[in-house]
Amino acid sequence: MASTHTNDALPASVEADLHAETATAAEHGSGGLPQFQFEHWAGQIGYLLILFVILYVLVSKVFAPRLRKVMDERADTISNAVATARQVQAEAAEQAAQAQAEVAKARADARAMAAAAKARVTEDANARQAAEEAVVNDRIAEAETAIGKTRDAAMANVATIASDAAAAMVERLTGKAATSAELATAKGAA
């Protein structure tokens, strides 16, 4: 088994060096953290001031202008986008108004065309009706003329027919034929 004592395996000079290092570390460690020791504060404050000045210069001369530039570009981009949106909205409203005006004009034109077509169709229908009525009136006039001629012819023959009918009746009733003088007298009496 191996021995747990390290002193047995170490030479005496090495052992003395170890004790000397431990003693030195004990002397330095007795005061606590060096940041809280007053003899180191002057150097720490100097370094703190130097670092503060360096950081202040970096922030004020490098980082802040870059951030300001980015913020200004962002504000410009937003304002340009808003202006463009307003312009597009105005153009869209103008186009919508134009479209409504065009639709209203198209409706008015359509109504006018429909009214003109209706008037033209009505006029054509009235003209056809007048022409047909003229044709019908001509036919009626021709028919009335034909009827009048037929009636006149019939009336002209009525006297003869009446005279023949009267002669036939007299002959039948009396058994002898009536003379023309008797028929003329009967015709005059009627």
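Me: What is the accessible surface of the chain, and what share of that surface belongs to carbon and sulfur atoms?
Reply: The model is predicted. Its accessible surface comes to about 16500 Å². The share belonging to carbon and sulfur atoms is 64%.

Me: What percentage of the residues in the chain is buried?
Reply: A residue counts as buried when its relative accessible area is under 20%. The chain has 190 residues. Of these, the buried ones make up 3%.

Me: In what order do the elements of the chain run from the N terminus?
Reply: The chain has zero strands. It has three helices. From the N terminus on, the order is therefore α-α-α.

Me: Which helix holds Ile 50, and which residues does that helix span?
Reply: Ile 50 is one of the residues in a nonpolar surface patch, together with Tyr 47, Leu 51, Ile 54, Leu 55, Leu 58, Val 59 and Phe 63. The accessible area of the patch is about 800 Å² together. The helix that holds Ile 50 is α2, residues 41-174.

Me: How far apart are the end C-alpha atoms of residues 45-64?
Reply: An unreviewed UniProt entry places the feature "transmembrane region" at these residues. The chain over residues 45-64 is 100% helix and 0% strand. Its end C-alpha atoms are apart by 26 Å.

Me: Where is the kink in α2 centred?
Reply: The kink in α2 is about 40°.

Me: Which residue follows α2?
Reply: Helix α2 covers residues 41-174. The residue after the helix has a positive phi, near 90°. It is Gly 175.

Conventions:
Residues are numbered from 1 along each chain as its sequence is written. This is a predicted model: local features need pLDDT of at least 70, side-chain atom pairs count only at pLDDT 80 or more; totals for chains, interfaces and linings use all residues. Side-chain values use heavy atoms; hydrogens and water are left out. Helices (H or I, at least four residues) and strands (E, at least two) are DSSP runs, numbered from the N terminus. Buried means under 20% relative accessible area, exposed over 50%, partly exposed in between (1.4 Å probe, protein chains only). Accessible areas come from the Shrake-Rupley method with a 1.4 Å probe; for residues, only the protein chains shown count as cover. UniProt positions are given in the numbering used here, feature names are shortened, and annotations may be inferred rather than shown by experiment. Patches are made of residues with over 30% relative accessible area and no salt bridge: like charges are joined within 9 Å, nonpolar side chains (Val, Leu, Ile, Met, Phe, Trp, Tyr) within 5 Å. A salt bridge is a side-chain nitrogen of Lys or Arg within 4 Å of a carboxyl oxygen of Asp or Glu. The bend at a residue is the angle between axes fitted to the seven residues ending there and the seven starting there.
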